[in-house]
Amino acid sequence: MKKIGFLSFGHWSPSSQSQTRSASDALLQSIDLAVAAEELGADGAYFRVHHFARQLASPFPLLAAVGARTSRIEIGTAVIDMRYENPLYMAEDAGSADLIAGGRLQLGISRGSPEQVIDGWRYFGYVPQEGKSEADMARNHAEVFLDVLRGQGFAQPNPRPMFPNPPGMLRLEPFSEGLRDRIWWGAATNATAVWAGKLGMNLQSSTLKFDESGQPLHIQQAEQIRAFRAAWKEAGHAREPRVSVSRSIFALVNDRDRAYFGGGSSEDHFGYIEPEKLAVFGRSYAAEPDVLIKQLKEDEAIAEADTLLLTVPNQLGVEYNAHVLESLLRDVAPELGWR
């Protein structure tokens, strides 16, 4: 069995070729797709966060809205860029959204990817400390966020407060019990996966990672997952960790599928997303269900993970993306033992 959800970047464009032509469209269609995914029996609705872009940005209003419209499906991010985040304010937002959703939030956080503007986090008021990098700053924000999610009091109460206080030091409110165990780290390297395992975060591995061996993405990801689990075990955490991988997968079951994706599956390729940092970009899978089943059986990282996030072409509209999910859940997942 494997949990299966979708991952949407929430792209929108005023182009006549897009069914998602405004920020309002992107947000409202994201909610509708989450509702449809739950009705189809999918397990998760996840959203990517990008700033200064025609995509989804501030995630918590969307997560809260999805939580209010659904009752079972996991609701998450993959990922929130921690370079931009005030970890205390984020903990309040996350606690609120998780309470609205009844404890279904699964928050993926990370250092983030190259953005639309140069050093965009500076416009949000954040600058790395002297001698530290932006990645160090993101990990520091993450560690503060994890700490306050424990729910321990740390703030000195006012001796003459406007409202009565409980005894002792004060914590952030609202507090959502268990949310700390539902934080994931999006790791692009083996080292950051190990770091996440030591801190007790779940692991998200995307459709790309920095190249560390020259091997195909799925093999490098499988090695990354094993390193994460070893670090988790060594740290002595009580619960079992969770691991997700993201993939672009399309079962070609009708003429419309073939028109959009019938060019066939792609291959992994290597390129630079940052200077002097070679990355491996994962292939897309697009084939008839029987062929797709054979291809996916050979993906070592999917086999290692308990959760699969399907990246969806959200600008093709809610109806078509619901069809993409339904085709995989109905025609592919059972034959692979995922359902």
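This is a short tour of a predicted model, to be followed in a viewer. Residue numbers start at 1 along each chain as its sequence is written. Local features need pLDDT of at least 70 and side-chain atom pairs count only at pLDDT 80 or more, while totals for chains, interfaces and linings use all residues; side-chain values use heavy atoms, without hydrogens and water.

**Stop 1: the cores**

Select Phe6, Leu107, Ile109, Phe145, Ile183 and Leu296. These have the most contacts inside the largest nonpolar core, which has 72 residues. A nonpolar core is a set of buried Ala, Val, Leu, Ile, Met, Phe, Trp, Tyr and Cys residues joined through side-chain atoms within 4.5 Å. Buried means under 20% relative accessible area, exposed over 50% and partly exposed in between, with a 1.4 Å probe and protein chains only. Now select helix 1 (residues 23-40), which gives the most to this core, with six residues. Helices (H or I, at least four residues) and strands (E, at least two) are DSSP runs numbered from the N terminus.

Next, centre on Leu107. Neighbours within four places in sequence aside, Leu107 is in contact with residues including Phe60, Ile80, Phe145 and Trp184; contact means heavy atoms within 4.5 Å. A second, separate core of seven residues includes Leu252, Phe261, Ala286 and Leu316.

**Stop 2: strand 8**

Select residues 243-251. Strand 8 is mostly covered, with nine of its nine residues buried. In which directions do Val243 and Ser244 point from strand 8? Val243, Val245, Arg247, Ile249 and Ala251 point one way, and Ser244, Ser246, Ser248 and Phe250 the other way. In a regular strand the side chains alternate between the two faces of the sheet.

- Strand 6 (residues 202-205) pairs with strand 8 in the parallel sense over three bridges, and Ser205 has Val245 as its bridge partner.
- Strand 12 (residues 307-311) runs parallel to strand 8 and is joined to it by four bridges; Leu308 stands opposite Val245.
- Strand 11 (residues 284-287) is also parallel to strand 8, with four bridges, and Ala286 is the bridge partner of Phe250.

**Stop 3**

Select strands 7, 10 and 9. They form an open sheet in the order 7-10-9, with antiparallel pairing. Strand 7 (208-210) and strand 9 (269-274) stand at the edges with a single partner strand each, so one side of each has no neighbour in the sheet. Strand 7 pairs with strand 10 (residues 277-281) over three bridges, and Phe210 stands opposite Ala279.

Definitions and conventions:
Pairing = 2+ DSSP bridges.
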